[in-house]
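I opened my notebook to go through this chain piece by piece. Here is what I looked up, in the order I looked.

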Amino acid sequence: MSQQLKEIMTRNVTTVTPEQSIQEAAQLMSQQNIGSLPVVKNGHCVGIITDRDIALRAVSQGHSPQSTTVGSVMSSGVVTASPEMDVHEAAHLMAEQQIRRLPVVENGQLTGIVALGDLATQNIYQNEAGEALSSISVPSSPIH
């Protein structure tokens, strides 16, 4: 018996807007003990920002955390899913797209998020989570 994402997704999602500072985003991540935030404008998911985005695209480049906006370092073109998507299909999509977090959108509005860890904690999806992680965790070379 397969489940839909709406059955396992996190519903009360902390978000930021593209106009907020990366310092505000980092503070929210610290308070919530999370590594990413969906970026929402007028209820629509327009991107995602991760602690890695902040570290590599801003801090390592010497940009000010107070004046650098989320929109300038976020990843746009985010892959999303519907609440009715089958969990197996979502795991396959995450592996294919090499992503660890999947925003869940209904009628253009963010309604939740599913992380790879959500799949791993469900016993019946541990194989899919492992396969997705294997696809996502392709080693990369340092940038010179």
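How many of the seven residues of strand E2 (residues 44–50) are buried? I counted five, and I noted E2 as mostly covered. A reminder to myself: this is a predicted model.

**Entry: the hairpin**

I next looked for the partner of E2. I found strand E1 (residues 36–41), which pairs with E2 in the antiparallel sense over six bridges. E1 and E2 form a hairpin, and two residues lie between them. In that turn I checked Asn42 and found a positive phi of about 55°.

Asn33 has a phi near 55°, which is positive in a residue other than glycine. I placed Asn33 in the loop between helix H1 (22–32) and E1. Is Asn33 buried or exposed? Its relative accessible area is 71%, so I wrote it down as exposed, the cut-off being over 50%.

Gln98 was my other stop, again with a positive phi near 55° in a residue other than glycine. Gln98 belongs to the loop between helix H4 (87–97) and strand E3 (101–106). I put Gln98 down as partly exposed because its relative accessibility is 44%.

**Entry: Ile113**

I then turned to strand E4 (residues 109–115), where Ile113 is located. Why do I call Ile113 buried? Its relative accessibility is 13%, and buried means under 20%, so the label holds.

I also looked up what surrounds Ile113. Met9 is 104 residues away from Ile113 in sequence, yet their C-alpha atoms are 5.4 Å apart in space. Leaving out residues up to four places away in sequence, Ile113 touches Met9, Thr10 and Val13, and its contacts also include Pro38, Ile48, Arg101, Leu102, Pro103, Val104 and Asp118.

**Entry: the second largest pocket**

Ile113 turned up again when I went through the pockets. The second largest pocket is lined by 14 residues, and Ile113 is one of those nearest its centre, along with Thr10, Ile34, Ser36 and Ala115. E1 and E4 are the elements that give two or more residues to this lining. Which element gives the most? I found that E4 does, with three residues. I noted a volume of about 290 Å³ for the second largest pocket. Sorted by class, its lining has six nonpolar, six polar and two charged residues.

I followed up on Leu102. Beyond its neighbours within four places in sequence, Leu102 is in contact with Leu5, Met94 and Val114, and I also listed Val79, Thr80, Ala81, Ala90, Leu93 and Ile113.

Methods: Residues are numbered from 1 along each chain as its sequence is written. This is a predicted model: local features need pLDDT of at least 70, side-chain atom pairs count only at pLDDT 80 or more; totals for chains, interfaces and linings use all residues. Side-chain values use heavy atoms; hydrogens and water are left out. Buried means under 20% relative accessible area, exposed over 50%, partly exposed in between (1.4 Å probe, protein chains only). Helices (H or I, at least four residues) and strands (E, at least two) are DSSP runs, numbered from the N terminus. Two strands pair if DSSP finds at least two bridges between them. Contact means heavy atoms within 4.5 Å. On a 1 Å grid over the protein atoms alone, a cavity is a set of points where a 1.4 Å probe fits but cannot get out, and a pocket is an open set with protein on both sides within 12 Å along at least five of seven lines; lining residues have an atom within 4 Å of a point. Grid points are joined across faces, edges and corners, and a volume is the space filled by probe spheres set on the points. Ala, Val, Leu, Ile, Met, Phe, Trp, Tyr, Cys and Pro count as nonpolar, Asp, Glu, Lys and Arg as charged, and the others, Gly among them, as polar.
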